[in-house]
Amino acid sequence: MNYRHAFHAGNFADCMKHALLVALLRGLTRKPAPFFVLETHAGAGHYDLASEAALRGNEAAGGIMRLLDRSCGTRAPVDHTSAGEAASTVPDPALAAAIDRPPAGDTASAEPDPGLAAVVDRPPAGDAAFAAPDPALAEYLSLVDRSGLYPGSPELIRALLRPDDRLACCELHPDEHTALRRLFRDDRQVAVHRRDGWEALKALLPPVQKRGLVFIDPPYENPDEFRHLADGLALARSRFPTGVLAAWYPIKHRAPVRAFFAGLRPRDVIAAELLLRAPLDPTRLNGCGLLVVNPPYQFEQLAETILRALLPLLGNGEAGEAATVTRLADE
Ligand code: SAH
């Protein structure tokens, strides 16, 4: 249990994962019947990108900072620690207004994050054309701005719940669990459990609502994680056959991902992947994927639109970069 998401919050993998998560939830809100979301590996809920942990590797600079910056019309990648020297930007007035608003509900996080604020505070440059974010990404970006802190998956999910929808979050790490509990302390729609997420698949499924999403985002600290995931997906499918199941996975090199796919029942399963480069160096996070079982109507096309919009914003034009959505082949 060494993994702390604060060191990675807002990196390119979070952007990909969270943009697709928002699209999945939008799929669920198409029907009026209430839904349930189970998040097995929830983390702290949100992350201060100006914290020491976040600034250590400064991974958000290649992720959300860049995304906000480039989708506001900037031409060059920006490191927010040296925002003054960055290429000129025309901030989107809507983004700037969103970030100026105090976050809803949580008084403890009323200060907008200075890192995010820096992106939209830069003075407009007279001639640069404003490029609006892709509509498929706009909702994710608007949720990021409004929070002031970088929102983790529980906060994003919560923002999209309707009054009768429910969220249950599991988190094992004591500090992350405490932070999450504090975030949702007076929230009757959210249950926060300090319990093993794999075990929760058995204990908390199927939900009374009979429809919903299981979101699985393990830390991949040990080599067994893909095997846990395959077992967890099989269990979740048997207990909640109509549920949408989504699992994030890292792509360092191909072999473990191929082995993982080979162990799955392929029926109605898609894999949405974003690669920043060919997955040849197993010591680097070269890309990542979201596996979705029972994807909502038209999610496949939407995921492809989102990944294609993200690639030029997050990528560096390296050999082998790609945005793909593939359907696992039925045997
Ligand atoms: N889903 C979050 C990030 C989670 S990082 C987001 O997108 O914002 C993975 C988290 O899983 C870590 O906080 C880690 O403490 C927690 N974790 C690790 N093993 C776990 C387990 N077996 N059950 C529940 N949580 C676990």
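1. Let us start with Pro174, which is found in helix α8 (residues 174-183). Helices here are DSSP runs of H or I with at least four residues, strands are runs of E with at least two, and both are numbered from the N terminus. Pro174 counts as exposed because it has 10 other C-beta atoms within 10 Å. For that label, a residue is buried if 20 or more other C-beta atoms lie within 10 Å of its own, exposed if 12 or fewer, and partly exposed in between, with C-beta atoms placed from the backbone.

2. A word on what you are looking at. This is a predicted model, in which local features need pLDDT of at least 70 and side-chain atom pairs count only at pLDDT 80 or more, while totals for chains, interfaces and linings use all residues. Residues are numbered from 1 along each chain as its sequence is written.

3. Now the whole chain. The protein has twelve helices and ten strands. Of its 331 residues, 49% count as buried. Two residues are in contact if their C-beta atoms, placed from the backbone, lie within 7 Å. Among contacts with a separation of 6 or more, 77% join residues 24 or more positions apart.

4. Is Glu171 buried or exposed? Glu171 is buried, because 26 other C-beta atoms lie within 10 Å. Leaving aside neighbours within four places in sequence, Glu171 is in contact with Ala42, Gly43, Glu176, His177, Leu180 and Arg194. Take Gly43 from that list: Glu171 and Gly43 are 128 residues apart in sequence, yet their C-alpha atoms are 6.1 Å apart in space.

5. Gly43 turns up again at the ligand. The ligand is surrounded by 19 residues, of which the closest are His41, Gly43, Gly152, His173 and Gly197. A residue counts as near a molecule or strand if its C-beta atom, placed from the backbone, lies within 6 Å of it. By class, this shell has seven nonpolar, seven polar and five charged residues. In this scheme Ala, Val, Leu, Ile, Met, Phe, Trp, Tyr, Cys and Pro are nonpolar, Asp, Glu, Lys and Arg are charged, and the others, Gly among them, are polar.

6. Do look at helix α1 (residues 12-28) beside helix α12 (residues 299-314): they pack at an angle of about 155°, with their axes 10 Å apart. Axes are lines fitted to C-alpha atoms, for helices over the stretch in contact, and angles run from 0 to 180 degrees between N-to-C directions. The two helices are therefore roughly antiparallel. Angles under 35 degrees count as roughly parallel, over 145 as roughly antiparallel, 65 to 115 as roughly perpendicular and the rest as oblique. On the α1 side, the residues making the contact include Phe12, Met16 and Leu20, and on the α12 side they include Phe299, Ile306 and Leu314. The residues of this contact divide into 13 nonpolar, one polar and no charged.

7. What is the angle between α1 and helix α7 (residues 153-160)? These helices pack at about 25°, with their axes 10 Å apart, and that makes α1 roughly parallel to α7. His18, Leu21, Val22 and Leu25 in α1 meet Ser153, Leu156, Ile157 and Leu160 in α7. This contact has six nonpolar, two polar and no charged residues.

8. Some backbone details deserve a look. A cis peptide bond, with omega about 0°, joins Leu205 and Pro206, and Pro206 is found in the loop between α9 (197-203) and β6 (212-216). Tyr220 has a phi near 55°, a positive value in a residue other than glycine, and it lies in the loop between β6 and α10 (225-239). Asp268 has a positive phi of about 50° although it is not a glycine, and its place is the loop between α11 (254-262) and β8 (269-275). Tyr220 is partly exposed because it has 18 other C-beta atoms within 10 Å, and Asp268 is partly exposed with 13.

9. Finally, find Pro282 in the loop between β8 and β9 (287-293). Pro282 is exposed, with 11 other C-beta atoms within 10 Å. Leaving aside neighbours within four places in sequence, Pro282 is in contact with Lys252 and His253.
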